[in-house]
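Please examine the structure shown here before reading on.

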Amino acid sequence: MNPLLRLSPDFSARWPRSLYSLAGAFLALSLCIIPADVFARTVVIQLEDSTIYAGFAGDNSPKASFPAVVGRPKRTGVMVGMGQKDAYIGEEALARKATLNLNYPIQKGIVQNMDDLEKILHHTFYNVLRVAPEESEVLIIESSFSRRSDRERIVQMLFETFNVSAAYLSKDTVMAAYAGGKTSAIVVDMEAGYIQVSSVYEGYLVATQRISSYSEIPTAAKEVLGKVAASNQSQVISSLVIAGPKIQEPEGVRKLVQEVAPKGVTVSLIQPPSPATAIWKGGSILSNLSTFSEMWISKDEYDEAGPTIVHRKCT
C-alpha cells in the first residue's frame, strides 16, 4: 500500500477500504478538471450559514451562489395567488425584505428549519441549476458541525422528496483540504462572522472548532491537533490549508499555527485558487473522480437500509 494512504489503527476501522485508493487518486487529478457538460447531472451543493454554492462536478467554480435565506410574506391571505408567492428564496427574498419575514435555516452550521432547507434545495435544482433531481447524482457539502439526525433527514429528503438517483454527504473542511491537494492538514476556514479550525487526517475529519477571533487560532489549532494520534501529528500540521471568503493575513495565520507545531516541523502554507469557493471546488474534484462512483449511496441502498446508511457510507 502507498505509505501516503496508510491509516493508523485509530482511523482504519472507520474508513471505508475503497477510499484508500480514492484519496490518492484525487491528489493526482485535483488539477485535471473535466468540462461540466460531460458530468452535467452530477450536482454539487455547499450548504453554508449565509450562502449556498451550487454547480456541477468537474467545474472549477460553482455555477451560482445565492443568500441562504427564505422569506415569507408578513401579510398573507388575498394577496397569495395574485402575483405573490408563499415564499421567496435568496436575493429575491432580500429584495423584498420590507414585506417579508426572513429566515436563515442554517445557523452555526446546524440546520434549524428543514422545511426551509427543502425550499432552498428545490430552488437550487429547478431555478438555479435547472436540472431534474430524479436524474441527478447529488453531493451535499455539509458543515463539520452537522448533527447525526440532520444528516439522516437530508439524505431522506434527497431520496424521498427529490428522488435523486444517488447521494453523498461530505464535510466542508475535508473538501477544503482536497481543494488544496491534501488529504492530511490543518484547515483554517475564514468565513463571515467566524473562523473554523480543523484537523484532517487521510481524508477524515478528526476534530474541529469554531472561533470568533484571529487571536484564538493557536489555541484552537493546538486542541484539534491534540485529537490526532501522536504519531500522525507531524504529518497533519506540516500542511496548513487556508480557505474561505474572509481570508486575512495568511502568513500571519501560518506563524500562529507554527507556534504549536512539534519541534522540528515546518508548517507549509497552502492557499487553493479562488479560496472563497475552495470548499465547493473540493466537492467538485471529489465527485468527478471515476473511483468515487462506488462511494455514492444508491437508491437501492437507501431503500434497503434507510436514512441511517449515511453514517456508514459518508464518513
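The points that follow are grouped by topic. The model is a predicted one. Its largest pocket has a volume of about 250 Å³, and a nonpolar patch on the surface is formed by Leu94, Leu102 and Tyr104.

**The largest pocket**

- The lining of the largest pocket consists of 14 residues.
- Nearest to the centre of this pocket lie Arg151, Lys171, Tyr204, Cys314 and Thr315.
- Two elements, α5 (148-161) and β13 (204-211), each give two or more residues to the lining.
- The greatest contribution to the lining comes from β13, which supplies 5 residues.
- By type, the lining residues comprise 6 nonpolar, 5 polar and 3 charged.

**The nonpolar surface patch**

- Together, Leu94, Leu102 and Tyr104 have about 220 Å² of accessible area.
- Leucine 94, one of the residues of this patch, belongs to helix α3 (residues 91-95).
- Leucine 94 is classed as partly exposed because its relative accessibility is 31%, and the partly exposed class lies between the buried limit of under 20% and the exposed limit of over 50%.

**Isoleucine 270**

- Strand β15 (residues 268-270) contains isoleucine 270.
- The relative accessible area of isoleucine 270 is 17%, so this residue is buried; the cut-off for buried is under 20%.
- Isoleucine 270 and arginine 254 are 16 residues apart along the chain, and their C-alpha atoms are separated by 9.4 Å.

Notes
Residues numbered from 1 in each chain as written. Predicted model: local features only at pLDDT ≥ 70, side-chain atom pairs only at ≥ 80, totals over all residues. Heavy atoms only, no water. 1 Å grid on protein atoms, 1.4 Å probe; cavity = no way out; pocket = protein on both sides within 12 Å on 5 of 7 lines; lining within 4 Å. Points joined across faces, edges and corners; volume = space filled by probe spheres on them. Helix = DSSP H or I, 4+ residues; strand = E, 2+ residues; numbered from the N terminus. Nonpolar A, V, L, I, M, F, W, Y, C, P; charged D, E, K, R; others polar. Patch = residues over 30% accessible without salt bridge, like charges linked within 9 Å, V, L, I, M, F, W, Y side chains within 5 Å. Areas by Shrake-Rupley, 256 points an atom, 1.4 Å probe, with all protein chains shown as cover. Salt bridge = Lys/Arg side-chain N within 4 Å of Asp/Glu carboxyl O. Buried < 20%, exposed > 50% of the residue type's maximum accessible area, 1.4 Å probe, protein only.
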